[in-house]
Amino acid sequence: MAKAKEETTSATIDPVAACAPEWTGILRQMILIRRFEEATEKEFRKGKIGGYLHVYSGQEAVASGIITALQEGDILFTGYRDHAHALSLGAEPRRVMAELFGKSTGLSKGKGGSMHLFDVEHGFYGGYGIVGGHLTLAAGAAYALRYKQTERIAVCYFGDGAMNIGSFHEAMNMAGLWGKAGMCPILFIIENNGYAMGTSVERHSALTDLSQRVRAYNMPTEKVDGQDVFAVRGVADRVIRQIRETGKPYCIEAVTYRFSGHGAADTQQPYRTKAEVEEHRRRDPIGILRDRLGEICGLTDDDVKKIEDWASAEVAAAVQFAEESPVPEADELWRDVVAEDGPVPEGSS
Amino acid sequence: MTEKNYREAIRDAMTEEMDRDPNVLIMGEDIGVYEGTFRITAGMLKKYGPKRVIDTPIAEAGMVGTAVGMAMLGLRPIVEMMTMNFAIVAADQILNHAAKVRYFSGGQVDLPVVIRGPQGAGVQLSAQHSQTFESFYAHFPGLKVVAPATPADAKGLLKTAIRGRDPVIFLESAALYGMKGEVPDDDSFTVPFGVSRVAREGSDATIVSYSRMLQMSLIAAERLSQEEGIECEVIDLRTLRPLDLQPAYASVTKTHRCVVVQEQWKPFGAAAEIAASITETVFDELDAPVARVTGEDVPMPYARNLEVLATPHEEHVIAAVKKVMYVSS
């Protein structure tokens, strides 16, 4: 029977561990993501970034709390709200920004854009634009990692809105099934930000306890406060170890909130009130972490100011790099449609 | 050379590649314990075990999606569709994912996925189990689309598909599974994509086709030769994407007349694309408009007499050749 955890896991803090330098690093990463997203919104309004733009502000603890617990070689799939995941895995901010600007120096040579960031070198297997479509890819990738007898695991993020489409159920069932044989080392993360675009969980899901829906696929699951990076990281450390050991899937529901609109065009947000957004902003994941590091470890306002200045400078440099980079050559249009034809070198598979 | 049927040729291609490369595996509905609806995979579970011969739930999107993920991580999955009609359930995984990931990632991953299975009219399988899909898939950049007409090509093209780096839609003709032909025994035998062949030489008219309709066209060509003294050149396209029409252009330059034969519906079909390309490229060589022989533009009916009316037959090919030659029937 899958483990049932009805309660939301909250953080238990070991003051010594909490003051390890790693936590300041996590704060730096989360502030960098926030500054980066603010810059993308600004550059979108200036017309420098085109297409769709979905920013992550408010959800930073969900990316940072999980991804900092991964090991080299682990891989990650997510949907289209993907900037934070790429950055957290180690993608260069300037190459992420250049991708959003449609420049040749972008992660995907300017051919993917905001929704299709991709950085295999850092374990990032995309950025997908069809809600729920990538869940099956991630389950198959996890199978491949075990088939090749590695200790690596796959991580797959998706939103609450992805849980009503067929691919979700097919991926969950196959992961649960393959997990029985220890052949699916995958961590699924429900980024439950309360809304499928503008449709609230209450309006889109017959059962609003989302993790309960995952248990139907013989998959253990637990709910965590997605605004508290200590809590997220605590769960991540434990379950990632378990997944690596057993080859069985696990699902974390991170309850979080998105501060910006669904996408850059979602300016009116008729589906929620300003008061609701303001209330959630009081639980800003960066504020929670900053305050706690202040209380327990003596992090000062001056320390925070230094981090913010560093992040702003990093992001400004990324924007400048993107701005100054060349657009793709015209013949790039024809590249990467298929592999170059020809004999496959022996032993390349 | 050994005489094999089309079914055995497909099985041989898979087992040879599975023996050659441990990263090749096969997955599908009832391919293992049940040994496959068409028995293509008979004996494979016993030989390779459940990690390499994976019985999946009835979940086509799940099958194809997981296969795409496996391919991105360096495996070479073969997905068997019980029939290609069911692959439509996985359209998002095939068209939005398999066909696009290489491009939108800027070429960061290979996608060696083969999606194979039977298609086309059988005997009284009615509307949901009789369709053909080559023009549907061949429309999409990022895919390769294969439709072999002979056991040798079935084997050689499937081996190329499995060894490749791109997603391949491998369309088998269910009606050809029992067809026999000489197949090379050599393990290294492959047939490259995008190389059409002249299946029959002739100087009076050109027939362009593929898969089962190619075999039907060859029978029609023999009858035209014997009954009318008309010698048709028959071109077997083998792959629809990449599409090699050079032998067709060369043939039309010689015959000045062309008939394109497909099983699927006429509107927006493969024959329309081929006819348009021939018209664009060798217009001045044509002595008659390119003719198309196609299935009737209706869902497949169940009643046998109606089914026969809905599908192309050699008489249709004979009539079309006579038409482009301005010979009265």
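This is a predicted model: local features need pLDDT of at least 70, side-chain atom pairs count only at pLDDT 80 or more; totals for chains, interfaces and linings use all residues.
Residues are numbered from 1 along each chain as its sequence is written, and chains are lettered from A in the order in which they are written.

**View 1. Chain A meets chain B.** Here 34 residues of chain A are in contact with 39 residues of chain B. Two residues are in contact if their C-beta atoms, placed from the backbone, lie within 7 Å. On the chain A side, β3 (124-127), α6 (134-147) and α7 (166-180) each give two or more residues. Helices (H or I, at least four residues) and strands (E, at least two) are DSSP runs, numbered from the N terminus. α6(A) gives the most, with 10 residues. By class, this side of chain A has 18 nonpolar, 11 polar and 5 charged residues. Ala, Val, Leu, Ile, Met, Phe, Trp, Tyr, Cys and Pro count as nonpolar, Asp, Glu, Lys and Arg as charged, and the others, Gly among them, as polar.

**View 2. The two domains of chain B.** Domain 1 covers 2-183 and domain 2 covers 197-324. These bounds come from an automatic or database domain assignment. The C-alpha centres of the two domains lie 26 Å apart. The contact takes 23 residues from domain 1 and 24 residues from domain 2. On the domain 1 side, α6 (134-138), β6 (144-146), α7 (151-163) and β7 (168-173) of chain B each give two or more residues.

**View 3. Helices α8 and α12 of chain B cross.** The axes of α8(B) (residues 211-228) and α12(B) (residues 314-324) come within 9 Å and cross at roughly 55 degrees. That angle makes α8(B) oblique to α12(B). Angles under 35 degrees count as roughly parallel, over 145 as roughly antiparallel, 65 to 115 as roughly perpendicular and the rest as oblique. From α8(B), the contact residues include B:M216, B:I219 and B:L224. Those from α12(B) include B:V317 and B:V321. The contact divides into 7 nonpolar, 1 polar and 2 charged residues.

View 4. B:V293 sits in strand β14 (residues 291-295) of chain B. This valine is buried because 27 other C-beta atoms lie within 10 Å; the cut-off for buried is 20 or more. Not counting residues up to four places away in sequence, B:V293 touches B:V259, B:V261, B:P312, B:H316, B:V317 and B:A320.

Terms used. Axes are lines fitted to C-alpha atoms, for helices over the stretch in contact, and angles run from 0 to 180 degrees between N-to-C directions. A residue is buried if 20 or more other C-beta atoms lie within 10 Å of its own, exposed if 12 or fewer, and partly exposed in between; C-beta atoms are placed from the backbone.
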